[in-house]
Structures are given as structure tokens and as C-alpha cells.
Amino acid sequence: MDKQQEFVLRTLEERDIRFVRLWFTDVLGFLKSVAVAPAELEQAFAEGIGFDGSAIEGFARVHESDMLAKPDPATFQILPWRAEAPGTARMFCDILMPDGSPSFADPRYVLKRTLERASDRGFTFYTHPEIEFFLFKDMPLDGTPPTPVDHSGYFDHTPQMVSHDFRRQAITMLENMGISVEFSHHEGAPGQQEIDLRYADALSTADNIMTFRLVVKEVALEQGVHASFMPKPFSQYPGSGMHTHLSLFEGDRNAFYEAGAEYQLSKVGRSFIAGLLRHAGEMAAITNQWVNSYKRLWGASARTAGMGGEAPSYICWGHNNRSALVRVPMYKPTKGQSTRIEVRSIDSACNPYLTFAVLLGAGLKGVEEGYELPAGAEDDVWALTDAERRALGIAPLPQNLAEAIALMERSELLPEVLGEHVFEFFLRNKRQEWEEYRQQVTPFELQKYLPVL
């Protein structure tokens with residue numbers, strides 16, 4: 001037994017922890033949990049806890065259903081909303097087959113495998129997400145719009161505001177679990193919030209995002225409101241994204257930084273961006289995996305109303321250009337180590353393990369094959385005409401899930417990064433989601449056509 005496992009077992013006894021929740025995610029990114037007694041944990045560390053993998057989305061077929069959840073002691077944390085004795089703790093798990101080999105269906109393993117590939121080249125991959133979400137007074141299940149908890153806007157601070165108290169309590173809980181928060185504020189739409197997590201290695205960040213979503217929902221319920229990470233709940237307001245800053249390090253050196261280069265961006269950094277751009281269309285079904293995701297990417301009403309809708313619709317990059325898919329933030333002369341890139345298309349409702357895996361896979365492909373970075377877009381890309389964008393070589397992102405599926409199906413990169421099992425299941429699931437959506441008669445159709453046709 002290693003020292004980390006010993007620390008966990010000792011802490012369980014000292015803190016009177018009676019329940020340990022073992023967490024993992026299915027292929028779509030939904031959190032799964034099984035509770036074990038502390039007495040079972042030593043065996044769980046050694047062998048894992050058996051469960052029926054065929055009951056989990058995308059994990060296994062019925063005839064190969066036996067799987068093991070093996071807790072990672074490095075992810076041990078006491079749950080702060082279960083602070084009363086006896087307490088409850090959690091650990092993330094790696095999913096194994098009965099022979100102890102990793103499950104190819106485990107999204108955490110997909111990311112770990114891609115991180116190992118980066119490590120073989122001497123790189124460590126760091127991410128910093130800016131996570132947006134909504135707070136509602138209610139959560140209607142009949143299709144009627146929810147009611148935001150406030151009518152505030154970007155950076156608004158109103159005394160006794162529900163959102164302010166909510167963010168303070170959520171951040172306290174996150175930091176009690178060792179998850180560092182960098183910024184928080186009210187976003188552009190009524191009831192919309194943003195909380196930014198501090199830079200960490202990509203695996204830790206993905207674990208933190210899964211924890212973040214649960215903490216946010218727990219705090220909301222405690223305060224009598226509801227939290228949602230749905231990409232676009234309102235047609236008239238901006239949607240919720242997860243702008244994510246990325247960087248590669250070689251030891252202590254930022255591989256994206258080169259003194260004196262344009263924007264201080266190294267050849268590695270430029271090729272990494274080129275990889276993200278070349279494969280952006282085929283990755284969209286992962287980074288924006290829901291039917292609703294494309295209402296955020298292509299919902300123009302918020303932009304034309306000047307309400308700060310900043311979801312990118314076109315595949316391009318720019319220096320400090322918030323209409324671009326990939327942005328290179330302004331360089332700070334005394335902080336070369338902070339050179340980074342920002343990907344702005346990602347949903348806060350994505351599966352973070354698969355999303356970080358495909359972003360890293362695309363970037364590494366660009367580095368390995370020496371992709372050339374096209375010219376940056378410094379104008380407002382949304383304001384250009386289609387002809388102007390074509391002349392600049394700027395292609396659109398998929399406009400709906402069906403287009404994203406079609407691009408993913410033709411991808412050579414994604415089966416390599418995700419593995420054939422996850423790739424095939426994900427496609428099957430998304431095809432089914434699109435078919436279900438395509439067959440719906442929407443309120444728009446009823447309101448527009450029923451009275452006149």
C-alpha cells in the first residue's frame with residue numbers, strides 16, 4: 001500500500017468518515033457514484049469494486065458487463081456539504097476490466113492516454129476553464145422557460161443579490177475541497193454566472209470540473225434555487241460556454257513562449273493552434289455535444305443586441321479577438337510563462353475528459369506534422385460577409401449537431417484519440433439524439449404555422 005492510500009485510510013478513521021463515494025463518468029460525461037464503507041476501501045485500492053458496466057452509457061455490452069472501479073487516492077476529498085458527523089468523502093475512479101487492464105470506454109483513461117502521449121514528447125498540458133451557468137428560481141419540466149434569479153448584467157453587483165451570496169458559498173465549498181478559484185462574477189444574461197478555476201494539469205482540471213458541477217447544483221438546492229449548465233436556455237440571451245485557456249510546458253519552460261516572436265508565440269504554439277483550427281469541425285461533436293449547443297454557437301440575437309454574446313461561429317484565430325474560435329490573449333512583458341491560447345467554442349456541459357483529450361490530440365497533431373498557422377483574423381468575424389470570410393479562408397463551424405456528426409464520421413484523428421469503442425458509441429448516441437430532435441414539432445412551428453396554414 002502506498003503512502004497516499006495510507007493517508008486516506010488514516011483520515012477516514014481520524015475524521016469519522018463513514019461513507020466513501022467512488023465517482024466516475026459515463027461516455028456522455030454524466031457523473032456516476034457508488035458508496036462504500038471504509039472497511040471495504042483497502043480491498044478497493046487493491047482490486048477495485050465490481051459493477052455492471054452494461055448499465056452505464058457507452059461502457060460495455062451485456063455479454064462483457066463485468067467491470068471494476070478502482071479509486072484514485074490522489075483525488076480523495078471530504079464533501080463539504082456532508083460536514084455533519086458521520087462525514088462523507090469522495091474519490092474519482094479508474095475503470096478496469098476484470099483482468100486489471102484499463103477500460104477503453106473510460107473517459108478518464110482516454111484523457112490519461114493522450115496525456116501520456118504528450119508526456120512522451122516532453123510536454124505537460126495545463127488548462128484553465130472559465131465556467132458559465134445559469135441560476136433559476138424554478139425548473140419547469142413542461143417546456144416553458146425557467147425564471148432567472150435576477151435581471152442583472154455583466155459584472156453587476158447589487159446588494160443582497162442572490163447570485164452574490166451563491167457565488168461566495170460555492171467558492172468556499174470548492175476551496176474547502178482543494179479546488180482553487182481565480183475569478184467569479186455575474187455574466188451578461190439574467191441569472192447567468194461565471195466562476196473561473198485556477199490553472200492545473202488537464203486531468204486535475206477535468207476532475208475539478210465534474211466536482212464543480214455537483215457543488216454548484218448542491219449549493220443552488222441549499223439556497224432554494226436551481227443551477228443549469230444547459231448551453232442555451234433562452235433564445236434572447238447569450239448562452240453558457242466554457243472558454244478554456246491551454247498551454248504546454250516542457251519541464252518549467254512554457255513551450256508556447258518565444259521571446260521576440262510575433263505575440264511572443266513559439267513555433268510549437270503556432271502549430272498547436274493550427275492543429276486546433278484544422279480539426280475544429282470534426283471535434284465539434286465532442287466540444288459541443290448537444291443539440292442545444294448549436295443554438296449557442298449560432299444564436300445571433302444576443303450579438304446583434306449588443307449583449308456580449310461571444311460564442312464563436314467561424315474557424316479562425318486572432319490576437320485578443322473575441323470573435324475568433326482561438327484567441328491569443330495579450331502578452332504581458334514580465335510574464336512570458338503565462339503565454340497561452342484560449343479556445344472559446346467549448347460548452348460548460350461537455351464531457352471535460354473527452355474534450356481535453358481531443359483538444360490536446362489536435363494540437364499535438366499540428367506540432368508533430370508541422371502545420372502552418374494561417375493568417376490571424378483581427379476584424380470582427382461576425383461583421384464580415386460570407387464572401388469576405390471565404391476570401392480570407394475562414395470556414396464556419398457546424399451549424400447543427402447533424403453537421404457535426406457528419407464531420408466526426410469522416411475524421412481520422414478522433415478514432416485515434418478517443419479509441420474505436422468511445423468513437424463508435426458517441427456517434428451512435430449523437431445520431432439517436434439528432435433523430436429524436438428532428439422529429440419534434442416545436443412551439444415555433446405551432447405559433448407560426450398553426451393559425452395560418
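Ser271 lies in helix H6, which spans residues 267-278. The model discussed here is predicted. Ser271 has a relative accessibility of 4% and therefore counts as buried, the cut-off for that class being under 20%.

When residues up to four places away in sequence are set aside, Ser271 touches Gly363, Gly366, Val367, Gly370 and Tyr371.

## Overall fold and dimensions

The protein contains 15 helices and 18 strands. Its radius of gyration is 22 Å, which agrees with the value near 22 Å for a compact globule because that is what the rule gives for 453 residues. Along the principal axes, the C-alpha atoms fill a box of roughly 65 × 55 × 50 Å.

Of the 453 residues, 55% count as buried. Among contacts with a separation of 6 or more, 71% are made by residues 24 or more positions apart. The accessible surface of the protein amounts to about 20200 Å², and carbon and sulfur atoms supply 51% of that area.

## The largest pocket

What is the volume of the largest pocket? The value is about 1100 Å³. Its lining is made up of 24 residues. Gly143, Met230, Lys232, Pro233 and Asn292 are the lining residues that lie nearest the centre of the pocket.

By class, the lining of this pocket comprises 12 nonpolar, 8 polar and 4 charged residues. Helix H14, covering residues 420-438, provides the largest share of the lining, with 3 residues.

## Enclosed cavities

How many cavities of 30 Å³ or more does the protein contain? The count comes to 2. The largest cavity holds about 90 Å³ of space.

Residues lining the largest cavity include Leu276, Ala280, Met283, Ala284, Thr287 and Asn288. Leu325, Val326, Val343, Ser345, Leu359 and Leu397 also belong to this lining. The greatest contribution comes from helix H7 (residues 280-287), which gives 4 residues.

Which classes of residue form the lining of the largest cavity? The lining has 9 nonpolar and 3 polar residues, and no charged residues. The lining of the largest pocket, by comparison, includes 4 charged residues.

Key
Residues numbered from 1 in each chain as written. Predicted model: local features only at pLDDT ≥ 70, side-chain atom pairs only at ≥ 80, totals over all residues. Heavy atoms only, no water. 1 Å grid on protein atoms, 1.4 Å probe; cavity = no way out; pocket = protein on both sides within 12 Å on 5 of 7 lines; lining within 4 Å. Points joined across faces, edges and corners; volume = space filled by probe spheres on them. Helix = DSSP H or I, 4+ residues; strand = E, 2+ residues; numbered from the N terminus. Nonpolar A, V, L, I, M, F, W, Y, C, P; charged D, E, K, R; others polar. Rg over C-alpha atoms; globule rule 2.2 N^0.38 Å. Buried < 20%, exposed > 50% of the residue type's maximum accessible area, 1.4 Å probe, protein only. Contact = heavy atoms within 4.5 Å. Areas by Shrake-Rupley, 256 points an atom, 1.4 Å probe, with all protein chains shown as cover.
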